[in-house]
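Dear colleague,

Please find the structure below, handed over for your records. My findings follow directly after it.

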Amino acid sequence: MFDLGYNASLVAIGAGLLGLAAGVTGTFLFLRKRALVSDAISHSTLPGVALAFIVMVSFGGDGRSLVGLMAGSALSAAAGLLAVGWLTRRTRLAEDAAIGVVLSVFFGLGIVLLTVIQAMSAGRQAGLEGYLLGSTAGMLRTDALIIAVGGALVLALVALLRRMLIVTAFDPEFAGSIGIDTGRADLAMMGLVLAVTVVGLKIVGLILIVALLILPPVAARFWSDRAGSVALIAGGIGGVSGAVGAMLSVSAPALPTGPIIVLVAFAIFAMSMLFAPRRGVVAALIRHLSFRNRVHLRQGLLALAQGQPVYEALTRRLLRRAGLIRADGVATGAGTAQAAKALLDERRWQWLRASEGTGAAAARYDGLTPIETVLTADQIARIDSQLRPGGLV
Amino acid sequence: MTQLKLAAQEGAAPVEDLSDIPLAIRGLTVSYGSDPAVFSVDMTVPEGAMLAVIGPNGAGKSTLLKAALGVIPKLSGLVTVYGQPIASQRRRIAYVPQRASVDWDFPTRVIDVVLMGLYRDLGLLGRVRRSHRDQARACLARVGMEGFADRQIGQLSGGQQQRVFLARALAQAADLYLLDEPFAGVDAATEKAIVTVLKALRDEGRTVVCVHHDLATVTDYFSHVFLLNRRKIAAGPVAKVFTQQMLQAAYGGRLSGGQIDRIAAS
């Protein structure tokens, strides 16, 4: 579909590696429930980008060197991160408020500096707005290489720290008790997030990098119940989003790259949320409906067995569909048999739950599980010998 | 304030030999804000003891354990484990936090939680080998949870969660076990299983410290009691310390006389 040139392929590979690193790193952020800190980090990069440009230009340089801009953004992002930490620890502000303060102040300062740059006598179109929403336009081959290498480095560090980060995220008190400095573990995690942000600034832009950190893990969470797999799947989702988004964006140069990548990630998230087995919305709905139907059937059968009328329309419909009652509400042959069986099952359960010393088995009662699946035939026979004839008490 | 002992004064005494004492705390003060949650507490846990830390709600029981472990910062005080600073003795300690302190929807399986107990053996990068898994399964078996190794932790009942935490502590193969309310909100079967395991640990010569809230079971489960209400009220063998007078001192008006009569030793 796309006829990608050499440079464009390089951009796609760089964006893919960036997405991979962002998805994996973001998983730890998500598991530690600190997702929003990344928003403060990313918005704090802007004054650094602008100041770095001003400094480079005033020293007679080009001002657009990616490495220089990255260094500046890293410094100011680190300042923002430390400010959030300091405000949370030393003042009465909770972390969410501290994030709000830091994010808005740094971003505001950055915008002011960008305006100053626009008015600078250098008069060069700096293209710094590209760092807000990401852009592959005018990207150099070395830029793509830097991004790819940066992403790979972050990945290696995450792999090195993963065990410590998982223990800290799951149970920080236990982590502290075995000698993990949880403060440093958090700082390391934030440092990695910062690195992803700085590396991703050019492609995704600072406003949306948070999405590339968070969407992949929340999407991956629908597919797995193990932290390690969630991280790997999130890496995959991030990588695909980055590569596909970058290719789409290259094919239409007017499109900003960040939003396209985020939309691709969102599409994957939406699919995961809807259709993932077990944790997905559709699977949960099906599970709920089937549970509800079983409850109705059971209640209907118990009513039939005791000669009580079935009032609820849904119950009647389900009984009818299963061929257990006729249109006039009278039980069919199969219905009578199943009703008797349900009643016997219920009475056995009732006896079991009223007896002492049957705790574990009796705890399995949920009104639906047939007792044969919990007890052996011998045990059931013993219960039956004790049951008084008649219905439910 | 004048009659209060100064924090850390006793800890400063250089002659005390604590090398046989699994856990010694001297002059520990912990404060959230400017209000001390635990004030100038001295605690000596004898080797092989099964000790209950008891006291009313808000007495600082959990805080005392966490600060001793360095999980939360302390304002002042000295803590030694077998006579050494705690940082050098982490291997010999196993801590079981309150069950409610973690998110049980975390994506992890039962066996992965128990494997965290082997963190120090595994190190940052070491591969989890079959021998590690076998070790973890054996610990699960000791708490009656061998059939649950591959379950997601969110599927467990409260009692099962507590047993998994205990299994993780067993995997640490420590000499000193510190448990924060291990019996809180668990079913009777779990309580029995936990007590059996803890008594087995004591029989192996290990030392067990529990933050405990159920006064009715203190005499059955424990050999020593530490009564705390922000400050140390009393400490010693159950028969000596778990008395009407001491409980009155620790709980003040919060227990009726009848309650205290029923539960106090002798």
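B:Ala173 lies in the loop between helix 5 and strand 7 (176-180) of chain B; helices (H or I, at least four residues) and strands (E, at least two) are DSSP runs, numbered from the N terminus. The phi of B:Ala173 is near 45°, a positive value in a residue other than glycine. Most residues other than glycine have a negative phi. At 52% relative accessibility, B:Ala173 counts as exposed; the classes are buried (under 20% relative accessible area), exposed (over 50%) and partly exposed in between, with a 1.4 Å probe and protein chains only.

The model is predicted, so local features need pLDDT of at least 70 and side-chain atom pairs count only at pLDDT 80 or more, while totals for chains, interfaces and linings use all residues. Residues are numbered from 1 along each chain as its sequence is written, chains are lettered from A and ligands numbered from 1 in the order in which they are written, and side-chain values use heavy atoms, with hydrogens and water left out.

As to confidence, the predictor gives the complex an ipTM of 0.89 and a pTM of 0.85. Chain B has a mean pLDDT of 88, and 89% of its residues reach 70 or more; pLDDT is the predictor's confidence in each residue, from 0 to 100. Over residues 1-9 of chain B, however, the pLDDT is below 50, and beyond near neighbours in sequence this stretch has 14 contacts in the model (contact means heavy atoms within 4.5 Å). Where pLDDT is low, the predicted coordinates should not be read in detail.

Chain B contains 10 helices and 10 strands. Of its 266 residues, 54% are buried. Among contacts in chain B between residues at least 6 apart in sequence, 68% join residues at least 24 apart.

Helix 4 (residues 130-142) of chain B has 13 residues, which at 1.5 Å a residue should span 18 Å; its end C-alpha atoms are 18 Å apart, which agrees. The expected span is 1.5 Å times one less than the number of residues. Which residues of helix 4 of chain B are buried? They are B:His132, B:Ala136, B:Cys139 and B:Leu140. These residues cover an arc of only 100° around the axis, which puts them on the same side of helix 4 of chain B; the arc is that of the directions from the helix axis to the C-beta atoms. An α-helix has 3.6 residues a turn, so residues three or four places apart point the same way. The buried residues of helix 4 of chain B pack against helix 2 (110-115), helix 3 (119-122) and helix 5 (158-171) of chain B. After helix 4 of chain B comes B:Gly144, with a positive phi near 75°.

Chain B also holds an open sheet of 4 strands in the order 2-1-4-5, with antiparallel pairing; two strands pair if DSSP finds at least two bridges between them. Strand 2 (35-45) and strand 5 (84-85) of chain B are the edge strands, each pairing on one side only. Strand 1 (residues 23-32) and strand 2 of chain B pair in the antiparallel sense over 7 bridges, and B:Tyr32 stands opposite B:Asp35 in strand 2.

Strand 9 (residues 224-229) and strand 10 (residues 231-237) of chain B pair in the antiparallel sense over 6 bridges. The bridge partner of B:His224 in strand 10 is B:Pro237. This hairpin has 1 residue between the strands, and B:Arg230 takes a positive phi near 65°.

In chain A, A:Asp225 is located in the loop between helix 10 (209-221) and helix 11 (227-251). A:Asp225 is buried, with a relative accessible area of 12%. Its side chain makes polar contacts with the side chains of A:Arg221 (3.0 Å) and A:Arg279 (3.4 Å). A polar contact is a pair of N or O atoms within 3.5 Å; within protein, one must be able to donate a hydrogen and the other to accept it, and residues adjacent in sequence count only if both atoms are side-chain atoms. Leaving aside neighbours within four places in sequence, A:Asp225 is in contact with residues of both chains, including A:Arg278, B:Pro107, B:Thr108, B:Arg109 and B:Gln152.

A:Arg278 itself is in the loop between helix 12 (257-275) and helix 13 of chain A. A:Arg278 is exposed, with a relative accessible area of 52%, and has a positive phi of about 70° although it is not a glycine.

Yours sincerely
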